[in-house]
Amino acid sequence: MNINPPPNPPKTSPAASVKKSQGRGIAKPLPPRFSHSSRWNRLVSHMGLIPFGARSGPSFMVWIIGGMVFLAVLFAAATMMIAGSIGRWQADLAGSATVQLMPNIELAANQQRELIDRQIAEMVTMLKQTKGVKGVEVISPSRNKELLAPFLGTVDLSELPMPRLIGLTLEPQLIKSETLRQLVIRTNPLARYESHLDWLSGLVHLAYGLQILGITVLILVFAIAMAAVMIVTRSNLNIHLDIIEVMHFMGAEEKFIARSFVWHSLTLSLIGAAIGGGLACLTIRLLGLIGIGGGRQLAEGFATDIGSSLHLGWLAWMVLLGLMILMVILCTITAWRTSITAIRRLP
Amino acid sequence: MIHLDNIGMRYPEGQEILKDVSLHLKAGSFHYLTGQSGAGKSTLLRILHLSQVPTRGNVTVFGQDLQTLPRNEIPKLRIRIGMVFQDCRLINHLSVFDNVALPLRIKREREDEIKDKVEQLLSWVGLSDHFWSRPQTLSGGEQQRVAIARAVIARPDILLADEPTGNLDEHTARLLMRLFEDLNKNGVTIVLATHSEALMDRFVYPMLRLKSGKLERVIRHEY
């Protein structure tokens with residue numbers, strides 16, 4: 001076709017005369033959002049095409065996302081705290097062990113002492129010559145008494161057949177626990193070797209279980225949030241189908257129409273993530289403060305661990321922030337996929 | 001411009017509404033599309049507008065075969081075809097200005113250019129005073145003029161109009177017909193679905209009549 005149709009109205013138009021009399025000057029000035037061209041203006045003008053606030057409440061999605069982010073951040077924090085505790089316990093205990101030497105109660109007291117001192121000397125000599133044993137400390141009977149005082153009180157222990165203890169500091173990378181156990185038994189078949197990790201292993205397994213549970217809940221929370229976004233987006237698409245059809249029939253590409261829904265979802269999930277994430281962070285901080293206070297009333301040493309468990313390092317806080325951002329990104333992608341799929345169903 | 005070659009259209013569990021319809025729309029032509037209610041006028045317009053795919057037959061638009069055309073290419077063709085709906089289908093929460101500007105925003109034109117074009121076009125249809133009015137505050141005739149302005153602002157090659165004067169009084173219908181004539185004089189190919197014998201008698205153009213699913217071409221003596 002050679003001749004192009006208006007936008008410039010034909011001069012012969014009956015309405016053209018009206019235009020001259022009414023004129024462009026009479027028309028009201030354009031509002032600022034359309035007054036000049038910029039990327040931001042285009043962005044803003046695009047966003048107003050679908051009246052989301054008018055017929056669909058945004059609050060539902062904000063609270064759903066907020067709630068899900070709150071749960072996700074709390075579960076992630078708990079999982080990281082558990083992981084941190086496991087790491088600390090293992091680091092503290094992997095490098096230590098105890099050897100117990102039991103006195104022969106059939107002998108007289110002075111004979112018992114002589115025998116056990118000799119056995120201790122033999123064991124210490126063997127241990128000091130073993131590669132991977134960094135430190136050997138014979139626990140004196142008086143120190144033994146101090147350690148047992150919280151459990152047995154200040155009773156006289158001299159008449160009781162108390163085992164003698166040798167504390168070991170190990171380099172776990174140089175010697176295996178089982179190898180050292182064999183060496184100890186070979187030196188003295190009645191001696192008992194106790195790796196501190198052994199009694200911890202049950203607790204570590206429980207902690208690993210809790211960690212897996214935390215990660216599972218985290219995945220579920222994300223899945224629920226994405227399902228909620230999908231439902232809200234579909235509902236919005238149905239509510240505004242008339243407008244979508246008009247844009248579609250005017251030649252709007254799928255991406256153009258979907259962008260409105262994506263912007264809507266992005267805005268709401270950002271607000272939701274900020275509210276939910278903010279409240280979750282506040283809760284973690286409060287729990288940390290309460291944890292330290294309560295921990296001080298517990299036995300010394302254990303309190304330190306409780307207190308430090310409820311504290312997160314800056315890296316953990318970054319992970320929590322990343323989690324909030326991930327939630328927003330996943331919600332936005334879900335809204336995008338849902339809108340594109342629905343728009344593709346239009347004729 | 002548009003070739004329909006033996007197309008047929010059947011809705012699920014329904015009779016064939018269009019049977020072996022063949023049509024060649026030449027650039028710059030003006031046709032009425034007429035027929036009884038339920039004859040398939042709207043269906044044929046939707047096929048011409050590429051918003052409905054016929055169940056059989058070939059559609060060629062601007063030299064491109066619709067059957068082999070990738071889906072993402074269709075919006076580019078559809079933007080060259082303006083459509084005026086009987087119920088106007090204006091977006092009520094947008095102003096008259098924003099309704100008319102919509103096709104240009106879809107084409108990602110600059111806002112200052114959009115402003116100039118919309119101002120000119122709204123003046124042309126005689127709605128200079130209604131830039132910021134909401135569509136629901138306008139009369140039926142004014143709403144149709146906004147719909148025409150919206151349909152032609154992106155400079156379509158073809159304008160399809162589905163009963164645009166159906167709910168209007170005779171004076172307003174004549175005013176709209178003059179707008180269509182002006183557009184046609186500027187080279188826009190027009191297909192206008194109507195029942196109105198009075199309108200077709202006053203503004204004489206070739207007629208396409210749908211009868212029992214078949215398309216007949218009626219050449220009027222006066223034309």
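Begin by selecting D157(B) and R80(B): these two residues form a salt bridge, a side-chain nitrogen of Lys or Arg within 4 Å of a carboxyl oxygen of Asp or Glu, and their closest N and O atoms are 2.8 Å apart. D157(B) sits in the loop between α5 (140–152) and β7 (158–162) of chain B, and R80(B) in the loop between α2 (74–78) and β6 (81–84), so the pair ties together parts that are 77 residues apart in sequence. Helices (H or I, at least four residues) and strands (E, at least two) are DSSP runs, numbered from the N terminus.

This is a predicted model, in which local features need pLDDT of at least 70 and side-chain atom pairs count only at pLDDT 80 or more, while totals for chains, interfaces and linings use all residues. Residues are numbered from 1 along each chain as its sequence is written, chains are lettered from A and ligands numbered from 1 in the order in which they are written, and side-chain values use heavy atoms, with hydrogens and water left out.

Now display the surface around the pair. D157(B) is buried, at 10% relative accessible area, whereas R80(B) is partly exposed, at 34%. Buried means under 20%, exposed over 50%, and partly exposed in between (1.4 Å probe, protein chains only).

Next, select E109(B) and K107(B), whose salt bridge has its closest N and O atoms 4.0 Å apart. E109(B) is buried, at 15%; K107(B) is partly exposed, at 37%.

Still in chain B, select E16(B), D20(B), R56(B) and K214(B), which a network of salt bridges links.

Finally, move to chain A and helix α8 (residues 177–187), where E178(A) and R181(A) lie three residues apart, about one turn of the helix. Their side chains form a salt bridge of 3.2 Å, N to O. Over all chains, the count is 19 salt bridges.
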